[in-house]
There are 2 protein chains.
Amino acid sequence: MTRRIEIIGISGIPMIKSGDNLGKIIVEAAEKMNLKINDLDIFLVTQIIVSKSEGRVYPLSDFAPSKDALRIAAMTGKDPRHVEAILREALRIVRIRGEVIITETRHGFICANSGVDLSNVGEGMVALLPIDPDKSAKNIRKSIEELTGKHVAVIITDSHGRPFRRGAINIAIGCSGIEPIWDRRGEKDLHGRVLRSKQVCIADELASAAELVMGQADEGVPVVIIRGYNYKISEDGARRIVRPAEEDLFR
Amino acid sequence: MTRRIEIIGISGIPMIKSGDNLGKIIVEAAEKMNLKINDLDIFLVTQIIVSKSEGRVYPLSDFAPSKDALRIAAMTGKDPRHVEAILREALRIVRIRGEVIITETRHGFICANSGVDLSNVGEGMVALLPIDPDKSAKNIRKSIEELTGKHVAVIITDSHGRPFRRGAINIAIGCSGIEPIWDRRGEKDLHGRVLRSKQVCIADELASAAELVMGQADEGVPVVIIRGYNYKISEDGARRIVRPAEEDLFR
C-alpha cells in the first residue's frame, strides 16, 4: 500500500485581532477553499496568530524597564522595553551572547528572547507567547470539532533555534487531541531485536513538516492541515515534551 | 493558490546489501509503483540503508575492545565491542550517563553512541554512519538523475535525540542538490519590518516530515519523496548545518 501524507495550506486567513475565535475562522477559511475537514485531520497553527487572538500583543510602552533590563539592553543593543518583556516572561536567563538572550520561559522552553517577538505585530508592539499553549490548542480544537462534528488534533507551532545545528526549526509548543511522543520501546526491528530507546517526538516532526508550507507563500500561511498521518488520540499536551534538566543527557 | 506538499513512501525497497546501487533501486521501486519521478522531487533516504549499501556494517568481533572501551562498557552495561565501535567513530566523548554515551562524531554530529547502531542489522552486527553522508547523497542523486533525466535532491536522514526536549526527531545528516538552510534575513514581515535573524534549516524540517511516512509501515519505509516544495538548488552539503562550538549560543 502506498503511504502518502498531505500538507495543505489554509489560505485566506484574515489578520487576527484580540478576541477572534480562531477555530471558527479556520473552518470558514477551509470552507471557502472547498476543503472538506476529515476525521483525524491535524491542524497546525502558528503561534503569532494564537497570541494575537488571545490578546497577548502589547505596546512596548507597557514594559517600563527595570535596572536589570537596562543593563542587559546596553549589553545586547536591544530596546530596553523589549528586554523587560523578555525578562518578565523568563524563569531564568540561560545565556547572553551578542544580541541574543537565551532564556527558560515559564513554559520550560529554552529559546531566544523568551519567544517575545517584535515581528509581524507592527511598530512599537510586542507579542508574547500564549500563557498556556496546550489550553490554546484545546480551545481551537473544541471549536473546530463543534463546528464540523469531526475528531481533529491541533498543534501550536513556533520556530526555535537549537544547540549544535544551524538554522531554526518549527516545533510544537502546544497540542491537543494527539499523543505528542510516540513511544516505540519494546517494538522489534527488522531482525527481531527489541528496540530499547526509541521514542519519537511526532508533534515536533509534524510542526517541522507544517513549516514547509507555512513559510513559502509571500505573506505566509498561518494554518496548515496535515492529512493521512495515523496517530494516537490523547489528552496529553506538549508540556510532556519539555525535558526536565535532571533527565537531560545533553545538559 | 492552494499550497500543497505531498510526502510519498516508496514501497518495495528490498533488503540492501553492500555494493547495491541505491539510486537505481529507488528508481526501479518507484517505477513498480507507477510513480513518475518529477523535476525537483526531493528523495529522503534513511541512513541505515545507505550504510548497508556502502559496506559500513561489520561484525562486532571486528572491534576488539581497548582499555577505555572496557571501562566505559562496565559503566554503561553496553557490549565492550559496541563501545569500541562508538569510540572509534568519535572525535570526543561529550557525556556518559546511565547507559547512554553522547559523543561528537567525526562529522561533527553530537548524538548518542556516535550513531553506531545495533538495530536492523542482525545479531552480532553493527552499523556505522556513512563516512561522508554528503557524498553518499550526491552519489544517489547522480544515479537517479542519470536514470530519469530529472533534477532531484537527496537528503540522508537519521533520528537524533536533542537537549531540552523529549523524543528523537529525524534530521539531515547529508544532502545534495538542495540548499539546506534558507537564509531569510533581510526579508520583511507583514508590517514591513526587516527580519534580522531568520534562518530556517529546511533540510532538517524535510527530514522530520519524511519520518512521518518512514516510521509508519510495519516494516518501515526507508525512502520517501517530498513533492511540491520549492527550494534553492545548491551543491552545499549538510555539513553546513553543523554549528561550530564557538558560534553556538546554547553551549
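Let me start with one residue. R185(B) counts as partly exposed, at 43% relative accessibility. Keep in mind that this is a predicted model. What does R185(B) meet in a salt bridge? The partner is D183(B), with N to O at 2.7 Å. D183(B) is partly exposed as well, with a relative accessible area of 38%.

Now a second pair in chain B. K24(B) forms a salt bridge with E28(B), and their closest N and O atoms are 3.3 Å apart. Both sit in helix α1 of chain B, residues 22–32. They are four residues apart there, so about one helical turn separates them. K24(B) is partly exposed at 40% relative accessibility. E28(B), at 36%, is also partly exposed.

Over to chain A. Here we have a network of salt bridges. It links K138(A), R141(A), K142(A), E145(A) and E235(A). And how many salt bridges are there over all chains? The search of the whole structure finds 44.

One of those joins the two chains. R4(B) and E6(A) meet through their side chains in a salt bridge, 2.9 Å from N to O. R4(B) lies in strand β1 of chain B, residues 4–9, and E6(A) in strand β1 of chain A, so this pair joins two chains. R4(B) is partly exposed, with a relative accessible area of 41%.

That brings us to the interface.

Next, the extent. Chain A puts 77 residues into the contact, and chain B puts in 77 residues. About 7,600 Å² is buried between chain A and chain B, with 53% of it on carbon and sulfur atoms. Which residues of chain A lose the most area to chain B? They are F164(A), R165(A) and R166(A), together 12% of what that side buries.

Then the polar side. Eight salt bridges cross the interface of chain A and chain B. Between D204(B) and R162(A), the side chains meet in a salt bridge at 2.8 Å, N to O. Residue pairs in polar contact between chain A and chain B number 40. Several elements of chain A each supply at least two residues of the side that touches chain B, among them β1 (4–9), β9 (169–176) and α6 (202–214). The most comes from α6(A), with nine residues.

Stay with helix α6, but switch to chain B. A210(B) is found there, in residues 202–214. Is A210(B) buried or exposed? It is buried, at 0% relative accessibility. Beyond residues up to four places away in sequence, A210(B) touches I7(B), L44(B), V224(B) and I226(B). Take V224(B): it is 14 residues from A210(B) along the chain, yet the C-alpha atoms are separated by 6.3 Å.

Last, the core. The largest nonpolar core has 123 residues. I42(A) and I42(B) have the most contacts inside it. Leaving aside neighbours within four places in sequence, the residues in contact with I42(A) include A153(A), I155(A), I178(A), L206(A) and V224(A). I225(A), I226(A), Y229(A) and Y231(A) are in contact with I42(A) too.

Key. Residues numbered from 1 in each chain as written. Chains lettered and ligands numbered in written order. Predicted model: local features only at pLDDT ≥ 70, side-chain atom pairs only at ≥ 80, totals over all residues. Heavy atoms only, no water. Core = buried A, V, L, I, M, F, W, Y, C linked by side-chain atoms within 4.5 Å. Buried < 20%, exposed > 50% of the residue type's maximum accessible area, 1.4 Å probe, protein only. Contact = heavy atoms within 4.5 Å. Buried area = accessible area lost by both parts, 1.4 Å probe. Salt bridge = Lys/Arg side-chain N within 4 Å of Asp/Glu carboxyl O. Polar contact = N/O pair within 3.5 Å; in protein donor to acceptor, adjacent residues only side chain to side chain.
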